[in-house]
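Please find below a note for a colleague who is meeting this structure for the first time. The sequence and the structure come first, and the numbered points follow.

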Amino acid sequence: MKPRTMRTFAVVIAVGAATILAGCSNGGSPRPTEVVSLSTPESTTAATPAVPDSGGELAAAQAAIATAESHTGGRGVEIDHDDARGWSVEVVVGETTVEVEVSADGTSVVSTDSPDALDGDDRVRFEQVGVSLSDALATAVGAVPGTIDDAEVTEREELLVIEVEIVMSAGPGTQHAYIDAQSGTLVATDGS
């Protein structure tokens with residue numbers, strides 16, 4: 001528990017105990033009590049509104065995938081862009097996945113996480129992917145002009161796809177492009 005939560009909890013217990021004891025001291029008949037909250041807000045500063053990710057250029061995303069694949073000797077299966085950090089690329093290496101943080105321009109490795117074991121479902125899903133992540137991104141941006149926010153292997157209506165979220169250049173918001181993970185063809189697009 002946080003210290004503030006523990007203090008609030010202790011005050012509530014103390015007030016409750018005092019209320020019970022006070023009820024006992026007047027012959028057992030209850031009397032009205034006033035509940036007073038002694039907790040204070042977590043922060044007195046106004047929250048800063050979240051700024052949406054502007055996405056990264058296709059060429060930088062493709063470079064980030066190539067850099068992560070070269071660094072690990074594996075195959076890129078997911079990518080995520082963060083304006084402040086650059087790219088995060090998940091790479092399958094044998095029976096594991098490795099997350100590789102890559103610079104915004106896609107040319108250098110910033111850090112590499114420890115490998116995680118693939119579960120059976122992910123292993124089967126990734127083995128069925130026939131198109132490269134880079135090619136899927138190119139197909140998506142060809143259908144929906146904009147910048148890449150993220151992409152992942154998933155299912156859509158029982159079809160294995162690479163879902164690419166694109167920050168649209170034609171206006172505010174994002175749109176998803178669904179690329180058939182085996183053939184690399186565009187399946188559908190939709191806005192969010």
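The points below treat the basis of the model, a strand and its partners, the nonpolar core, and some side-chain details.

1. This is a predicted model, in which local features need pLDDT of at least 70 and side-chain atom pairs count only at pLDDT 80 or more, while totals for chains, interfaces and linings use all residues. Residues are numbered from 1 along each chain as its sequence is written, and side-chain values use heavy atoms, with hydrogens and water left out.

2. Strand β3 is mostly covered, with five of its seven residues buried (buried means under 20% relative accessible area, exposed over 50%, and partly exposed in between, with a 1.4 Å probe and protein chains only). Helices (H or I, at least four residues) and strands (E, at least two) are DSSP runs, numbered from the N terminus.

3. β3 pairs with β2 in the antiparallel sense over seven bridges; two strands pair if DSSP finds at least two bridges between them. Valine 92 stands opposite threonine 97 in β3. The two strands β2 and β3 form a hairpin with two residues between them, and glycine 94 in the turn has a positive phi of about 65°.

4. β3 also runs antiparallel to β4 (residues 109–112), to which three bridges join it, and valine 102 stands opposite valine 109 in β4. Six residues lie between the strands of the β3 and β4 hairpin, where glycine 106 takes a positive phi near 85°. Two bridges join β3 to the antiparallel strand β5 (residues 116–117), and here threonine 97 stands opposite aspartate 116.

5. The largest nonpolar core has 35 residues, of which Ile79, Trp87, Val89, Leu137, Ile162 and Val164 touch the most other members. Such a core is a set of buried Ala, Val, Leu, Ile, Met, Phe, Trp, Tyr and Cys residues joined through side-chain atoms within 4.5 Å. The largest share of this core, six residues, comes from α2.

6. Leaving aside neighbours within four places in sequence, isoleucine 79 is in contact (heavy atoms within 4.5 Å) with residues including Ala61, Ile65, Trp87, Val89, Leu137 and Asp150.

7. Arginine 156 lies over the face of tyrosine 178, at 4.1 Å from the ring centre; a charge sits over a ring if NZ of Lys or CZ of Arg is within 6 Å of the ring centre and within 35 degrees of the ring normal.
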